[in-house]
Amino acid sequence: METLTLQTARLTIRHLELSDLRDFFVYRSNPEVTKYQGFDVMTMEQAEEFIADNSTKRFGKAGEWVQYGIEKNETKVSAPRTPYLAIAAIALLLPEKIQMKNQNKNMYPHVEAWKQSG
């Protein structure tokens with residue numbers, strides 16, 4: 001399977017790379033971010049292992065999550081990187097089977113917790 005890369009005038013969605021480690025770690029180690037997500041706070045070493053493991057995955061394999069980086073195209077040409085996140089991330093999953101809407105209301109408990117937190 002090919003590597004997924006999508007590019008618009010402003011953004012590029014691409015596989016995470018080890019060069020993204022610092023930015024990836026910044027948000028994956030923040031408890032204010034992780035409390036609304038399906039993952040726990042990561043150490044730098046765990047973030048590096050995650051990116052390395054993710055590099056072997058390709059979107060299209062049913063039941064497998066793949067994490068992609070979202071990068072502003074203008075960031076590519078600015079050096080050095082600023083202390084602000086140059087990359088965000090999105091995870092994609094091709095489900096093994098499609099569930100009916102609202103079939104499992106407890107599927108995303110972090111979303112329910114976020115809604116209740118007001």
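Me: Is Phe50 buried, exposed or partly exposed?

Reply: Phenylalanine 50 has 25% relative accessibility, so it counts as partly exposed. Here buried means under 20% relative accessible area, exposed means over 50%, and partly exposed is in between, using a 1.4 Å probe and protein chains only. This is a predicted model, where local features need pLDDT of at least 70 and side-chain atom pairs count only at pLDDT 80 or more, while totals for chains, interfaces and linings use all residues. Residues are numbered from 1 along each chain as its sequence is written, and side-chain values use heavy atoms, with hydrogens and water left out.

Me: Thanks! And how many aromatic pairs are there?

Reply: The count is three aromatic pairs. Rings of Phe, Tyr and Trp (its six-membered ring) pair if their centres lie within 6.5 Å; planes under 30 degrees apart are stacked, over 60 edge-to-face, and the rest tilted. In one of them, the ring centres of phenylalanine 24 and phenylalanine 50 are 5.4 Å apart with planes at 20°, so that pair is stacked.

Me: Where do phenylalanine 24 and phenylalanine 50 lie?

Reply: Phenylalanine 24 is in helix 1 and phenylalanine 50 in helix 3, so the pair ties together parts that are 26 residues apart in sequence. Helices (H or I, at least four residues) and strands (E, at least two) are DSSP runs, numbered from the N terminus. Phenylalanine 24 counts as buried, at 1% relative accessibility.

Me: What about tyrosine 27 and phenylalanine 39, stacked or edge-to-face?

Reply: Their ring centres are 6.4 Å apart and their planes at 80°, so the pair is edge-to-face. Tyrosine 27 sits in helix 1, while phenylalanine 39 is in the loop between helix 2 (31–34) and helix 3, twelve residues apart. Both tyrosine 27 and phenylalanine 39 are buried. Together, Phe24, Tyr27, Phe39 and Phe50 form one aromatic cluster.

Me: Which residues make up the largest nonpolar core?

Reply: There are eight: Leu16, Leu21, Phe24, Tyr27, Phe39, Met42, Ala47 and Ile51. Helix 1 (21–28) and helix 3 (44–54) each supply at least two residues of this core, and helix 1 gives the most, with three. A nonpolar core is a set of buried Ala, Val, Leu, Ile, Met, Phe, Trp, Tyr and Cys residues joined through side-chain atoms within 4.5 Å. In soluble globular proteins, nonpolar side chains tend to be buried together.

Me: OK, back to helix 3. Which of its residues are buried?

Reply: Ala47, Ile51 and Asn54 are the buried residues of helix 3. Seen down the helix axis, they fall within an arc of 70°, so they line one face of helix 3. That arc is taken from the directions from the helix axis to the C-beta atoms. On the face turned away from the buried side are the exposed residues Glu45 and Glu49.

Me: What covers the buried residues of helix 3?

Reply: The cover includes strand 2, helix 1 and strand 3. Contact means heavy atoms within 4.5 Å.

Me: New topic: how do the strands pair up?

Reply: Strand 1 (residues 6–7) and strand 2 (residues 11–15) pair in the antiparallel sense over two bridges, and they form a hairpin with three residues between them. Two strands pair if DSSP finds at least two bridges between them. Glutamine 7 stands opposite threonine 12 in strand 2. Strand 2 also runs antiparallel to strand 3 (residues 65–72), joined by five bridges.

Me: Last one: how many helices and strands does the chain have?

Reply: The chain has five helices and four strands, in the order β-β-α-α-α-β-α-β-α along the sequence.
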